[in-house]
Each structure stands twice: as C-alpha cells, then as structure tokens.
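Colleague: I have a structure to go through before I set anything up. Can you walk me through it?

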Amino acid sequence: MSANQEIIEKTERYALHVYNRFPIAIDHGQGVQVWDADGKVYLDFMAGIAVYALGYHYPGYDQALIDQVKKVLHTSNLYYHQPLADAAKQVVTSTHLTGGKAFFTNSGAEAIEGAIKAARKYAYLKDGRNDHEIIAMKDSFHGRSVGALSVTGNAHYQDPFKPLMGGVKFADFNDLKSLKDQISDRTCAVIMETVQGEGGIYPADPAYLKEVRRICDERDILLILDEIQCGMGRTGSMWAYEDYGVLPDILTCAKALGCGVPVGAFVLNEKTANQSLVPGDHGTTYGGNPFVLAAVNAVFSLYRDHDIVGHVRDLTPCFEKSLDELVQKHDSVLCRRGKGFMQGLQLKETCPVGEVTRKALDLGLLIISAGGNVLRFVPPLIITKEDIDQALTILDKCL
Ligand SMILES: Cc1ncc(COP(=O)(O)O)c(C=O)c1O
C-alpha cells in the first residue's frame, strides 16, 4: 500500500468524516510547492485556503517561531506579553482605524463571534434593548460556529442546525434596495465580506459599499467587514476596503494573519472599542498566545520588508490576463471575477468544478472550488509569472 493510501485509510478509520478530502496526504512544503507522502510534487494555488500568503518556509518566518518556542508558548490572557503588545499595534495600525483596538482569536469563526458580541453590546449600551438585529448577506460565508453560521447566508450549511441565533435578516449582496428593506430601528449591524469568497468570488460594487457605509453612518449601525479570506494583501491592498475608500466599524481577519498558525482577530474602531466589550464580557484561553502572535509579528515585518502587497498589485494584470485567455479559449468557462490574487472562473454547469480540481490534482496542481461551480484561485501571494504560466498550462489541459 502506498504511503498516501495508508494515511488515508487510517484517517478515515478514526477521524470524523466531515470533509470529502482530496486523495493525497500532504507531507511538506517549500516555497509555493508541496509534496505528498509518496513524494509527488504539486504547485499550490490554494495555499491552505488563503492561509499561506508567504508560501512555505518564507525566509525569516520559521526562525521567528523557533525563537518564540524557546521563550514561552502560552501565558493565558491574564498576563501581558511582548508579542501581544507588538501584534495589536501592527494590526490596528494596518487597518487605519485610528484609536481602534484588536482582540485575537483562534480562528475566523471566533473573530465573527466576537464581532457579533461587540455589535450587540454597543447597541445595548445605547438603548438598553436586547432585541437588536443584524443584517447579513445571502451567499455569504462567515464560519461554522453557531453565531457565525447564523449570519452565513447559505441554507445548505444552516438548515440541519436550526434553530440558530435569532435576530438575523438576510439581504441580497450588492443590492441596496434589498438592504434598505431589511433595516429597522432594531438594526445594530450590517455584516458582509468585502469580496465574497466561498459564495463564488463576488467583490462588493464600489458604489454599493460606499452607500452602505453612508446608511450605517446615518443610523449609527455598525458595519462589520469580514476580510478573513480577502484581507492581508490578497486583493492588492492590505485590506480590501482600502480600495473602496471606506472603513469598517469592525474588521474581522484570520487565515493569512498568521500564515499557517491558528490565529484570527477582530478589530473595533475607536467608537466601538470605547462603548462595547469590557472585562468579563469576552475572553479565550488560547487566543492570541505568544506563539501565534510571534507569527503575526513576523508576517507583518516580512510583508513590509518585502513589499508583498506591492507584488500582488504588480502581478495582478498578468494574472488576470492569463485567466481571461482561458475564458476566451474554453467554452466551458463563462467569465472571470475577482480582485488581485483572489479570482474565480465561473464554469458552465456542464463542466463540474469538482472534476476540474480533481484532474488538476492528477496533473500536479492544488486548486479548489467555490460555491456555484466556480474555480477559486487563492494562491500564495509570492507566486511569480512562471508559477502563473505553469498553473494555467495545467488548467488549460484540464478544461
Ligand atoms: C470570509 C470568511 N469568514 C469566516 C471564515 C471562517 O474562518 P475559520 O474557518 O477560520 O473559522 C471563513 C473561512 O473560510 C471565510 O472565508
């Protein structure tokens, strides 16, 4: 039996089957390549689902973690530590939310939970009511915990777990009328992804997002932007909202924040930070421990020193052009959507995306799908033109 097969069989025997995994076991990675347990090499264009922004073993990243391992991994949140002081400053500064405050979590879903709690508490302190509502978007994805699932606009994910958290209404994404129809005097927050990921790679329309911001300002409704997938440079700006000329009241991030270690965050702007969560309201044992925050600090330094976001901006036209060529060439590809290194190819129903990703795997390319029969591109942000050429040559064959 092959090494891959042995691992697969053991996993299926003992690990809960909630994923239809690709039939390989990943052994190690280097740069933008990974190797499976049988020694086959793959070009990675999914980056652990938008996590490995710096690829594998980016110079300086491992050493920062090793140095922290030798000091202390965990302190609990009852003590101060240097990585927290540094990471909070770096994250908040990067968001342009002057006077804002960060809370670190173990995952994206947990960042959403914190954002929901902060928004509800902010509204509660204003009017003392506890029947506030959150407006979320159809076809959104915010995570699998009950609060995050409650604002995830996807019946397939929600239905088996109802009743979920109450006080959530759904609007059509990029449709102002639909949003306005849902707003009431109980609305405390609007939550959306700046670029919908799981739902099929749909960027917010600039005019729409600006107007949502204006409406929220007018009624003191908090705007929560979920940039767990689209943030950290992926769209060619550190945060996708920078391109739109708007700021959120609450930002959620995770995935590439730690480039491989489990860490997320929610960042509250000054107004929200000053009038929401206080000691006793929120906490976590592990969230933001010294080990994961050493990674976050390394990520921010490396991004700065090597202008990772500038690289995304520079290479985006080439990436988009190559993808557009695939659209032109293949009848099975209807269109391209996306921003920067977060792109989707909409496939015809007659060309199931699962077959394309599976064939790509056979030919040495890791790539994933998104909802609605979309081929999703979330590669490491350090890919080169040669990597793009190689990936799209493989895809050309698959299509
Ligand atoms: C936009 C968005 N929000 C939230 C989440 C949930 O993050 P996590 O899986 O770390 O809980 C995801 C995960 O894919 C996501 O893409």
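This is a predicted model: local features need pLDDT of at least 70, side-chain atom pairs count only at pLDDT 80 or more; totals for chains, interfaces and linings use all residues.

Colleague: Noted. Which residues are around the ligand?

Modeller: S107, G108 and A109 are there, then F141, H142 and G143, and also E193, D226, I228, Q229 and K255.

Colleague: And how does that shell divide into nonpolar, polar and charged?

Modeller: Three of the shell residues are nonpolar, five are polar and three are charged.

Colleague: What does the side chain of D226 do there? How far is its polar atom from the ligand nitrogen?

Modeller: One polar side-chain atom of D226 sits 2.7 Å from a nitrogen atom of the ligand.

Colleague: What about the backbone, say at G108?

Modeller: A polar backbone atom of G108 is 2.8 Å from an oxygen atom of the ligand. F141 also has a polar backbone atom to consider, and its distance to a ligand nitrogen is 3.4 Å.

Colleague: How much of the ligand does the protein bury?

Modeller: The protein buries 81% of the 390 Å² that the ligand exposes when taken alone.

Colleague: OK, on to the helices. At what angle do helix 3 and helix 11 pack?

Modeller: The angle is about 150°, and the axes are 9 Å apart. Helix 3 is therefore roughly antiparallel to helix 11. The crossing of this pair is right-handed. Helix 11 covers residues 290-305.

Colleague: Which angle does helix 4 make with helix 11?

Modeller: Helix 4, residues 82-95, packs on helix 11 at about 45°, with 9 Å between the axes. That angle is why the two count as oblique to each other.

Colleague: Is that crossing left-handed or right-handed?

Modeller: Helix 4 and helix 11 cross in a left-handed way.

Colleague: Where is P163?

Modeller: P163 is in the loop between helix 7 (155-158) and strand 6 (168-171).

Colleague: What is the phi of H57?

Modeller: H57 is not a glycine, yet its phi is positive, about 60°. H57 belongs to the loop that links helix 2 (47-50) and helix 3 (61-71).

Colleague: Good, that covers my list.

Conventions:
Residues are numbered from 1 along each chain as its sequence is written. Side-chain values use heavy atoms; hydrogens and water are left out. A residue is near a molecule or strand if one of its heavy atoms lies within 4 Å of it. A polar contact is a pair of N or O atoms within 3.5 Å; within protein, one must be able to donate a hydrogen and the other to accept it, and residues adjacent in sequence count only if both atoms are side-chain atoms. Accessible areas come from the Shrake-Rupley method with a 1.4 Å probe; for residues, only the protein chains shown count as cover. Ala, Val, Leu, Ile, Met, Phe, Trp, Tyr, Cys and Pro count as nonpolar, Asp, Glu, Lys and Arg as charged, and the others, Gly among them, as polar. Helices (H or I, at least four residues) and strands (E, at least two) are DSSP runs, numbered from the N terminus. Axes are lines fitted to C-alpha atoms, for helices over the stretch in contact, and angles run from 0 to 180 degrees between N-to-C directions. Angles under 35 degrees count as roughly parallel, over 145 as roughly antiparallel, 65 to 115 as roughly perpendicular and the rest as oblique. A crossing is left-handed if the near helix is turned anticlockwise from the far one by less than a right angle, and right-handed if clockwise.
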